[in-house]
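Let's take a walk through a protein chain together.

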Amino acid sequence: MLVPIKEELLVKIAETIGGEDARKIVEALREMGSATDDQLSLKTGVRLNLVRKILYRLYSHSLVTYDRSRDGKTGWYIFHWRLQPEQVEGFIQTQKRRFLEKLCTRLEFEKSHSFYYCPFCSVRITFEEAMEIMFRCPKCGRSLGFFDNQPIIEFLERKIEELREELGMRQ
Ligand SMILES: [Zn+2]
């Protein structure tokens, strides 16, 4: 069954993954239901090899799938591509998990370092880096001040908690 809202989302995701051409292809598939790469190229004006590249990229994210049939004359397989809007949720979950991992790495970094800061240049460096340059701003040479990263840590912890809840990973 086709779910309009998820298809809408799929168009946006396709655009993020493969740009304008990917958007055209997904919109064409939405309209046509199922299509071969040739038909898609014809309909969108995107070059055939590029259509194929984009289809495989979308396929690697499970956002499209295909049915195969055999060409009666040549005996070759023909791929009939279609959207998989029901996979959108899975795609979003994966992205969220990746983002969560990044946030955790960042949090670890923030927690395990002290920072120094130049308010004139908005330069922030670690204690180790600051020590090497005698606590002088690498840009303007002014004295660096201690930077309290507690608000950043709290923000990251909040974000991580939110994401964990959204992913059903509540501890
Ligand atoms: Zn400075």
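What you see is a predicted model. Its chain has six helices and five strands, and starting from the N terminus they come in the order α-α-α-β-β-α-β-β-α-β-α. For 171 residues the globule rule gives 16 Å, but the radius of gyration here is 24 Å, well over that value, so the chain is more spread out than a compact globule.

The division into domains is the next thing to look for. Domain 1 covers residues 4–83 and domain 2 covers 93–166, and their C-alpha centres are 42 Å apart. Across the chain, 18% of the 171 residues count as buried.

Now back to helix 3, which spans residues 48–60. From the first C-alpha to the last, its 13 residues reach 18 Å, close to the 18 Å expected at 1.5 Å a residue. Its buried residues include Val 51, Ile 54, Leu 55 and Leu 58. Looking down the axis of helix 3, you would find the buried residues within an arc of 105°, so they line one face of the helix. After the helix comes Ser 62, with a positive phi near 60°.

Let's move on to the nonpolar cores. The largest one has 19 residues, and those touching the most other members are Leu 10, Ala 14, Ile 25, Val 26, Leu 29, Leu 58 and Val 64. Helix 1 (4–32), helix 3 and strand 2 (77–83) each supply at least two residues of this core, with the largest share, seven residues, coming from helix 1. Val 64 shows how such a residue is surrounded: setting aside neighbours within four places in sequence, its contacts include Leu 29, Leu 55, Leu 58 and Trp 81. A second, separate core has six residues, among them Cys 118, Ile 125, Ala 130 and Cys 137.

Thr 36 sits in the loop between helix 1 and helix 2 (37–44). Although Thr 36 and His 80 are 44 residues apart along the chain, their C-alpha atoms are separated by 4.8 Å. Beyond its neighbours within four places in sequence, Thr 36 is in contact with Ile 78, Phe 79 and His 80. Is Thr 36 buried, exposed or partly exposed? Thr 36 counts as partly exposed, because it has 16 C-beta neighbours inside 10 Å.

Our last stop is Arg 70, in strand 1 (residues 64–70). Arg 70 is exposed, with 10 other C-beta atoms within 10 Å. Not counting residues up to four places away in sequence, Arg 70 touches Gly 75 and Tyr 77. Between Arg 70 and Lys 43 there are 27 residues of separation in sequence and 23 Å in space, C-alpha to C-alpha.

Conventions: Residues numbered from 1 in each chain as written. Predicted model: local features only at pLDDT ≥ 70, side-chain atom pairs only at ≥ 80, totals over all residues. Helix = DSSP H or I, 4+ residues; strand = E, 2+ residues; numbered from the N terminus. Rg over C-alpha atoms; globule rule 2.2 N^0.38 Å. Buried ≥ 20, exposed ≤ 12 C-beta atoms within 10 Å, placed from the backbone. Expected span 1.5 Å × (residues − 1). Arc of directions from axis to C-beta. Contact = placed C-beta atoms within 7 Å. Domains from an automatic or database assignment. Core = buried A, V, L, I, M, F, W, Y, C linked by C-beta atoms within 7 Å.
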